[in-house]
Every structure is written in structure tokens, then in C-alpha cells.
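Please look through the sequence and the model first.

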Amino acid sequence: MQFQEYCQYDAIGLAELIRTGAVSADEVLQAALARLDEVNPLLQLAAQDCRKRALAWQMPSEAAPLAGVPFALKDLLADWRGVPTLSGSRMMRTHIAARNSHLVDAYERAGLRVFAKTTVPEWGLMPYTESEQHGITRNPWDAAHTPGGSSGGAAAAVAAGVIPAAHGSDGGGSIRIPAHNCGLFGLKPSRGRVDSGPLLDEGWQGMVCEHALTRSVRDSALLLDIAAQTQPYALYACNTPAVSFSDGLKQPLRRLKIAYCVQPWLGGKIDDATKNAFAHSLKLLADAGHELEEAAPAFADADTLARAMLVLVATEAAKTRLRFEQLSGRKPGYQEVEPATWSLMVYGSRLRAVEALWAREVVLAQRRAAAEFHRRYDVLVTPVCPRITPKTGELAPPQEQLRMSNLLLGKMDLGWLMAHNPLVEQQSLKALQYVGFTAPFNMSGQPAMSVPLYWHENRLPVGTQFAAAHGNEQLLLQLAAELEQIQPWALRQPPL
């Protein structure tokens with residue numbers, strides 16, 4: 001199976017070819033591996049090459065909806081028995097998963113043939129995918145630019161045509177931002193829809209949701225049906241739809257009342273390219289017959305949201321270090337993690353418990369604000385990011401400055417200074433403003449998606465974000481399917 005044939009099919013299409021005997025599962029896998037070998041030296045999207053394990057895979061004896069379809073797991077959260085979960089960190093180089101996560105179990109039951117784990121920034125903390133462990137992951141549309149993060153390797157793999165869909169996770173925009181940067185469809189599910197257990201809790205106070213990046217909407221719907229099999233294990237409640245997400249795509253979409261907002265909630269302004277892309281999306285919606293009105297949820301002010309996000313991310317980083325100590329029986333040193341990660345770990349460990357509880361209350365308040373808003377509006381539409389895709393290294397903090405700070409604090413045991421480290425606060429603000437449209441929906445727990453509806457004149461894609469009430473992924477998928485029919489994107493290929 002040659003690449004030009006392989007790349008024409010989404011995951012459902014490949015599964016149908018395999019099921020009917022038009023091609024074998026091994027032919028499809030070889031096409032994926034050939035494409036990986038071709039593009040990975042440039043893009044650096046593979047954290048682990050698991051082809052030997054994939055070659056030993058056997059076709060399920062019972063019917064499976066995606067039997068034989070090549071797939072990749074993000075190298076974070078998704079534990080795969082017998083394979084390391086590196087999380088983009090040298091600190092985890094000896095960690096081998098003892099069992100599958102519930103989601104990986106569901107993927108295996110569906111027949112997916114996993115052959116790689118994709119790159120992430122260390123511990124998924126940044127909205128770009130650059131790590132000392134795996135290097136710089138690059139955007140297939142232009143290798144000088146980032147694919148985003150933290151599901152950057154997954155997005156690069158799908159956009160480059162290695163696979164039609166890949167696992168991802170989203171704690172502040174980590175599915176939607178890479179989808180925006182790479183011209184893909186990316187849906188963050190509702191809180192409680194997908195479980196990350198049994199070894200991990202619902203990460204970042206329930207802000208992290210796992211799902212996938214895809215080229216087609218129908219692949220995302222089917223993969224969400226598969227992922228939702230883990231819902232009974234989730235720590236948060238989420239409604240069960242009357243029909244499957246896949247069957248919901250067959251139902252007609254009513255005329256929607258759609259609100260739109262162009263002001264990022266975490267501060268900053270949008271650039272002209274983003275304004276042009278957003279105006280294009282609004283016109284598509286109006287031409288489709290939907291009712292548009294400018295409005296926004298009563299989320300907290302920018303300073304409150306930014307501070308709460310920093311507190312939550314930093315305390316989660318500190319918790320990661322504590323969990324490592326408990327599992328390994330030793331304390332990791334500052335040399336084992338990247339300077340920015342260590343700074344966050346120490347900063348988080350010095351924050352007061354009362355401030356962590358305050359940040360938790362901020363998260364809960366955004367859920368109430370979103371619920372009130374969606375009593376009036378079906379959908380909210382915003383840009384995904386306030387600017388088009390940054391170049392690699394552009395969002396990264398000054399590593400040498402952080403390294404010297406960590407060296408000084410590590411040797412002199414002055415970690416208490418890190419509780420008020422202006423460098424951490426200054427650099428976090430730059431990253432937080434970049435996720436100013438996406439992160440509030442992780443706080444509110446409602447579903448949100450990035451839809452690729454625009455390509456800038458420099459050939460970089462620009463996504464548009466849509467959000468709905470908690471538990472209403474079905475409505476978002478139906479709207480995305482309508483837009484996919486109006487302006488198809490799945491067969492667009494980057495100029496690799």
C-alpha cells in the first residue's frame with residue numbers, strides 16, 4: 001500500500017479496507033511505518049518506536065470497530081503494559097508500566113494497532129513540544145514552527161500522514177492547540193467522560209481530559225465512543241448520551257444560537273491573522289443559517305484565572321515530584337529535570353495550602369459560570385489561540401537563566417525563595433496568555449473543539465474553537481460534521 005493511497009483514508013476507512021480484505025492489516029502497518037521513517041528525522045514526533053511489538057500484534061478474534069488500524073499513544077498518562085511511560089522526562093527513564101490504563105484497554109479492545117508513543121514537553125507542562133529528552137518536535141506545515149503542545153507529537157504524526165488519528169490529552173489546550181497549529185480536528189471531552197485511571201487520578205484537579213486528534217470528525221466520534229467505555233471509572237459525573245456519538249452524526253443539526261467572543265480570558269490581544277480567520281468562520285456559520293450574537297460567559301477576570309492556573313500547574317508539578325519519591329524511594333535532583341520544570345516543582349512545593357484550595361474554588365466557579373451561560377446559548381465560538389503558530393523556541397523561557405537559578409538554589413538550599421520567584425511568574429504569564437482562549441474550558445469542564453477552517457497566507461493552518469455545555473459533545477460533533485461538509489479539510493496535505 002503506497003502512501004498516496006494510504007493517506008486518502010481515515011481510521012474508519014482503513015478499518016473497512018482491512019475488514020473486507022481489500023488490504024491486509026500488515027500492509028496498512030507497513031505504510032504507516034514507511035511514512036514514520038520518512039518524516040520522523042525532520043519532525044521528531046516519535047518518543048518511542050514500538051514497531052516490534054506492533055509486528056507481533058494479532059487480529060482480534062471478535063469483531064472490533066478499528067481492527068488493524070495503526071495508532072500511536074501520547075507518551076503521557078496512557079500506560080501501556082511493559083512499555084516505558086517517559087512523560088518527556090529523564091526522571092522517568094526507568095519507569096515501565098505494570099499494566100494498561102483503562103483507556104489503553106479500551107483502545108486494544110477496539111482493535112487499534114499501536115506502534116509508537118508520541119513526543120510531549122516534559123510532563124506536558126508547556127503549550128509547545130520541546131524537551132531535552134526528545135529534542136524539538138516540528139510542525140509538518142512548516143518545520144520552523146511548533147506543532148504546539150502538549151500533544152505536539154500526536155498532532156505532527158496525524159498532520160504528516162503517519163496515522164489518521166492519535167491519542168492525546170488536554171489540560172489547558174493540549175489537544176486543541178496542536179490541532180489549531182497543524183490543521184486537524186481536536187476535541188476536548190467533558191470532565192468525567194474519559195477516565196485516566198487506575199494508576200492516576202483525574203489530573204490537574206479534573207482539568208485534564210484524554211481523547212484524540214483526527215483528520216475526520218467521524219473518527220473523533222467513534223474514538224470518543226471507545227474512550228467513553230472508561231466513563232464508569234471516572235471520578236467526576238457526566239451524562240450518558242441517548243445514542244452513541246457516531247450515531248449522533250446521522251441526526252440532523254438544528255439551527256443553533258451561537259455566541260462569539262474575541263477577547264482572551266487570560267489577557268493579551270489577538271493578531272490580524274487570527275482576526276481574519278475568525279471572521280471567515282463566523283461567515284461560514286451565518287451562511288449555514290445559525291444565529292450569531294456577541295456574548296461571553298462571566299468567567300473570572302484575567303488576573304484571577306492566570307494566578308489560579310499557575311498555582312494549579314505548579315502544585316501539580318510539585319505533586320509529580322512527591323509521587324516519584326514515594327514510588328522510587330528517593331528524591332530526584334534538579335539535574336534530572338529541565339530547568340523550567342524544576343522551577344515549577346519548587347515553586348509549587350512552597351505555595352501555601354490555602355492558595356491551592358482557593359485555586360480549586362476558582363475552577364469550580366468557572367463551571368457554574370459556563371452552566372449559566374449555556375442556558376441561553378447552544379454554542380460559544382472563539383479563536384483557539386490569540387496568534388498564529390509560533391516558531392520553535394519562541395515561547396520557551398530563558399533556559400540558561402533558569403538553570404543558573406536552579407543551580408544556586410539547589411546548592412544553597414534556598415528553595416523558599418522560589419515561592420516568590422519573579423522569573424517563574426513572568427514566564428508563566430507568556431505561556432498562559434497563549435492558552436487564554438483554551439484553558440478556561442479546562443476549568444469549567446465543558447467540551448471544546450478546534451476545527452480547521454482557515455489557512456493563513458504563509459500556509460499555516462488556523463483553528464476555530466467551539467464550546468458547548470458540559471456533557472454535550474454530541475452537539476459539537478454534529479456542528480463540526482456540518483462544517484466539514486461545507487469546507488472539507490481532511491485531504492489537505494502539508495508540503496513535506
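Is cysteine 182 buried or exposed? Cysteine 182 counts as buried, at 1% relative accessibility, where buried means under 20% relative accessible area, exposed over 50% and partly exposed in between (1.4 Å probe, protein chains only).

The model is predicted: local features need pLDDT of at least 70, side-chain atom pairs count only at pLDDT 80 or more, and totals for chains, interfaces and linings use all residues. Residues are numbered from 1 along each chain as its sequence is written, and side-chain values use heavy atoms, with hydrogens and water left out.

A disulfide is a pair of cysteine sulfur atoms within 2.5 Å, and the count by this rule is 0. Cysteine 182 takes part in no disulfide. The sulfur of cysteine 385 is too far for a bond, because its closest cysteine sulfur, in cysteine 182, is 11 Å away.

| Cysteine | Relative accessibility | Class |
|---|---|---|
| Cysteine 182 | 1% | buried |
| Cysteine 385 | 1% | buried |

The largest pocket holds about 780 Å³ of space. Its lining has 38 residues, and Ser87, Trp123, Leu200, Thr320 and Arg323 are the closest to its centre. A pocket is an open set of points on a 1 Å grid over the protein atoms alone, where a 1.4 Å probe fits, with protein on both sides within 12 Å along at least five of seven lines; lining residues have an atom within 4 Å of a point. Grid points are joined across faces, edges and corners, and the volume is the space filled by probe spheres set on the points.

Helix H12 (302-328) is one of the elements that supply at least two residues of this lining, and H12 gives the largest share, 8 residues. Helices (H or I, at least four residues) are DSSP runs, numbered from the N terminus.
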